[in-house]
Amino acid sequence: MKKRLLIPLFLLFSWAIVAQVITVQGKITDAKTGEALVGASVVVKGTTNGTITDVEGQYSLDKVSPNAQLTFSYVGYLAQDVAVSSQRTLNIALEEETSTLKEVIVVGYGTQKKSDVTGAVASVKGKDIASIATPSVQQALQGKIAGVYVTPESGSPGAGAVIRIRGTGTLNNSNPFYVVDGLLSDDISFVNPNDVESVEVLKDASATAIYGSRGANGVIIVTTKRGKSGKPVIGLSSYYGSQELLKKIPLANATEYATLRNIAAKNFGAPQPYPNPAALGEGTDWQDEIFHTAPMQNVNLSARGGTDAMTYSISGDYFKQEGILQNGDFERLTLRINNEYKLSKAIKIGHNFSIINTKSHYAPGVIYNAYYAPPTVAPIDSAGKFGNTTSDGSVGNPVATRYYERYNDGSGFRTAGNFYLDLNLFKGLTYRSNFGLDLANNEAKRFVPVFRVTDLQKNDINSLSASRSKSINKLWENTMSYDNTFGKHHINLLAGVTAQIDDNWFLGGTGTNLPGDVNNIEGDIEDLLYLRAATQGFTVTESSSGWRMFSQLYRTNYSYSDKYLLTASMRIDKSSKFGKNKRTGIFPSIGLGWRVKEESFLKDVDWLSNLKLRGSWGITGNDKIDQNSKSPPVTDKLDAIFGNSEKFFPGATITRLSNPNLHWEETEQMDIGFEAGFLNNRLTTEIDWYKRTTYDILSSLPIPGFIGASDPPVVNSASVFNQGFDINLGWRDRTKQSLGYNVNVIVSTVHNEVISLGEGKTEIFSGGVGEGGKLGTRTVIGLPIGAYYGYKVDGVFQNTEELNKYPKRTGEQANKDVFAGDLRYADTNGDGVITDKDRTYLGSPIPDLTYTLNLGADYKGLDFSIQILGVKGNKVLNAKRLARFSTGNFEKTFLNGWTGEGTSNFEPRVTIGGRNYEVSERFIEDGAFTSIRNVQIGYTLPLSISRKLKMSNFRLYVSATNLKTWATYTGYTPEVVNGGDSFSVGIDRGAYPVAKTMTIGLNANF
């Protein structure tokens, strides 16, 4: 009897086991058109069990638990998670990602639905950042956001970028402010592009005023990747690239150089130095001697996952880049750990931390030398010695300089991140405490050994300079937020206090005539201690600085019936950089929005997907000055000995006048925006008009030398105005044949103008160039910041009659001081003589129009993208052409110089220095360009194949950066920023050129 019972029980148990897994099948279609989606992915969530749809959109997936969740996804569509619940047929309609109304973006101290934002906020996804082969998040933003002008800092290894959001708004530091996972910073060089989840750019005062004194130049919020509950995902990304010089400057070869030298000698009545130029041939191309093809590589490994109680994200990244200028490279190793722990339903803690180690080897500055070195000299002569390029008074041998001055190294260690605590006190009310820490240590060392190439290129005494710097930035923020909905009313309130402390230390020293050779100094030694062995020129410099800031912040977000929107915020900052009575700055803002599409008269209009109007006003601040500007720094290096007894008297003096009345620089901004979507948001548009005015700009005031202070005081002096449009148009669609494509056009305009210069100033000269330290820019009311200032060229004197007819400089005599073939400068003030008063406005380095075209397509695993960007309306001052101190090489344009009446009316006769080398239109060139900035082609393996390889995703790609540039500028690149100095932007003194890069890479998830 027992056996008879066991048999049916066994069969029942076996049937129950089999019944634990089922087969699910169905069809995946486009939610709008009903068309089948070919190659869509179906995966059991948290497992590797998955499949893809066939040509009819059908799928069938075995071994699915009745309690499982399936994830349905397709490129360009929003993914869906659906519970199986024992269903054997699941037909899914996916919506395109073009519907951005529910998109959540990061704003200051929180998140908001894109549809509820009243300010000008733009977002870039992490995948679009990581797609560019660069170590810099800033460079990866180029051409992706309207109103954000990004220029490479230089082409050197590891270089970042200079960013201007809606123009240049100040005379001091115009860089935007950064927030990385809640950590406030002026620098994000520590962020690895592969770790970025999203980047939000806050452009108007409604969005930035919550950051108060940090928001005047815009705010860039970087959110890094986090783990999600579920099975661990192991990610591997890697690429290898080859860099080369994008463009060579057309310089004269040996024959052409000798010909030009002979012409110059003839023009000066001197003997011709080269009797047979043709015999010299091509000679040396010094650009080929200093530039080379350089590799670049990156490897990123990550692990992300978690449970209901804890999520984690750990990544390691290695990046190395050699420079196209030989003997230079950059190496970076990054570790990032982002974890969050759920201690209970009401308590969460977490941290976002990165550790970065960098090493740099700086190439000697030989670009200028290679530009001027005579091509008639070989880099190394027949005797095996370095060629003598100084025999005719020219520059030193670039190859020799590269060899002897190659010992220039830097290293850095940085840890940056934050710890946070979230308490959900009751429904809708949350308290957050956030502690941020940014600790950086940097070291630098440069050694120049004894060497002798020629009497003019030598170093008789070796020298060593070494330095160490340390900075600690600590942040503590405590905020309360409340979020709730009452019928048609939704409200979000934020209040908080923050405190920030920043301290910096520097220790540096130099010494000459040290014992030993370079091999003694290349090891891991205490360089600063070793300097004590110097027998000459031993100096030590030590300094420290710091500042403190305490802030209160408040914000209200309110919406009624999901149609009428209000954002009001205020931040109160107290900065230690100002005197006691001037420390407090109050920065309010208000933004209004109207979702017109939600009105009854438009709600049923099918072709209109979205229509929103918004406007904002606000004030932000700036305190980016030295901590000691409000009080006079003192130096004690004025010791002296007086009298017959030669008595020693210690002395001291102030080095800068103080200004206890310094107060906040403030920027007032208005913005009117329009957002619309058509045809299920296939077509989208966003247009903003802005007006931005900065008052009481903090800048240095020149003072007479007899006052005794070496540095000018800082004052509230000027006002600057920026106005323009930001336009973003997009189209995204997918055909019945599963071809997805997208087009995005970005256009930005800006008008920059100085509207006042305080403290009695009428003009600010800057931008030193050419012989005698000529100043190439002049900032004056009514013109842009750093406007070029020089002589207009009215042609070339063709004969003696013209020499006698047209105005000349005071005291100049025809055929004695000025000759036929020399430039004829315009008498702009009409006084009949050429003086400095005839110098005038020659253009601006600030583009008044920037534009980008982004194109993309994908089809059954293949994907393609291309970015074309450009600028118009700006000029570049080619200062390396202007600076002709000696008989160095010439650009080929000199071959078109005047050689007789009627031969040229712009390029003058060939001379070595003199009146033809004043700052003038001759050296102001058009800075406009159009560039194919990035092209990428990729292929993603079908899921059916990648699963067999134990991978959930595998993609190979090839890309090209800076593939082609169209520009009339004769230098390496018209993108010249000079470190972001507002007064010297666009002056090319021999900038490190950007490189063309070809890359092959892969992305894989396991």
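In which strand is Y240 placed? Y240 belongs to strand β17, which covers residues 230-245. The close-up views below are taken from a predicted model.

**View A. A nonpolar surface patch that includes Y240.** Y240 has a relative accessible area of 45%. Buried means under 20% and exposed over 50%, so Y240 counts as partly exposed.

**View B. An open sheet of 4 strands.** The strands are arranged in the order β3-β2-β5-β6, and their pairing is antiparallel. β3 (50-52) and β6 (80-83) are the edge strands; each has a single partner strand, so one side of each has no neighbour in the sheet. From one strand to the next, the twist averages 20°. Strands of a sheet pair through backbone hydrogen bonds, in either a parallel or an antiparallel sense. Strand β2 (residues 41-44) pairs with β3 in the antiparallel sense, over 3 bridges. Opposite V42 stands T51 in β3.

**View C. The loop that holds I461.** I461 is found in the loop between β25 (458-459) and β26 (463-486). The relative accessible area of I461 is 33%, so this residue is partly exposed. I461 and T735 are separated by 274 residues in sequence and by 73 Å in space, taken from C-alpha to C-alpha.

**View D. The salt bridge between E599 and K563.** The structure holds 47 salt bridges. In the one shown here, the side chains of E599 and K563 meet at 3.5 Å, N to O. E599 is in the loop between β30 (584-595) and α10 (600-603), and K563 is in the loop between β28 (536-560) and β29 (564-575), so the pair ties together parts that are 36 residues apart in sequence. Both E599 and K563 are buried.

**View E. The salt bridge between R881 and E891.** The side chains of R881 and E891 meet at 3.7 Å, N to O. R881 is in helix α12 (residues 879-882) and E891 in the loop between α12 and β50 (924-926), the two residues being 10 apart. R881 counts as buried because its relative accessibility is 6%. E891 is also buried, with a relative accessible area of 2%.

**View F. The salt bridge between E907 and R922.** The closest N and O atoms of E907 and R922 are 2.7 Å apart. R922 counts as buried at 3% relative accessibility.

**View G. A network of salt bridges.** Salt bridges link K114, R166, K203, K612, R614, D671, E675, E686, D688 and D726 in a network.

Notes:
Residues are numbered from 1 along each chain as its sequence is written. This is a predicted model: local features need pLDDT of at least 70, side-chain atom pairs count only at pLDDT 80 or more; totals for chains, interfaces and linings use all residues. Side-chain values use heavy atoms; hydrogens and water are left out. Patches are made of residues with over 30% relative accessible area and no salt bridge: like charges are joined within 9 Å, nonpolar side chains (Val, Leu, Ile, Met, Phe, Trp, Tyr) within 5 Å. Accessible areas come from the Shrake-Rupley method with a 1.4 Å probe; for residues, only the protein chains shown count as cover. A salt bridge is a side-chain nitrogen of Lys or Arg within 4 Å of a carboxyl oxygen of Asp or Glu. Buried means under 20% relative accessible area, exposed over 50%, partly exposed in between (1.4 Å probe, protein chains only). Two strands pair if DSSP finds at least two bridges between them. Axes are lines fitted to C-alpha atoms, for helices over the stretch in contact, and angles run from 0 to 180 degrees between N-to-C directions.
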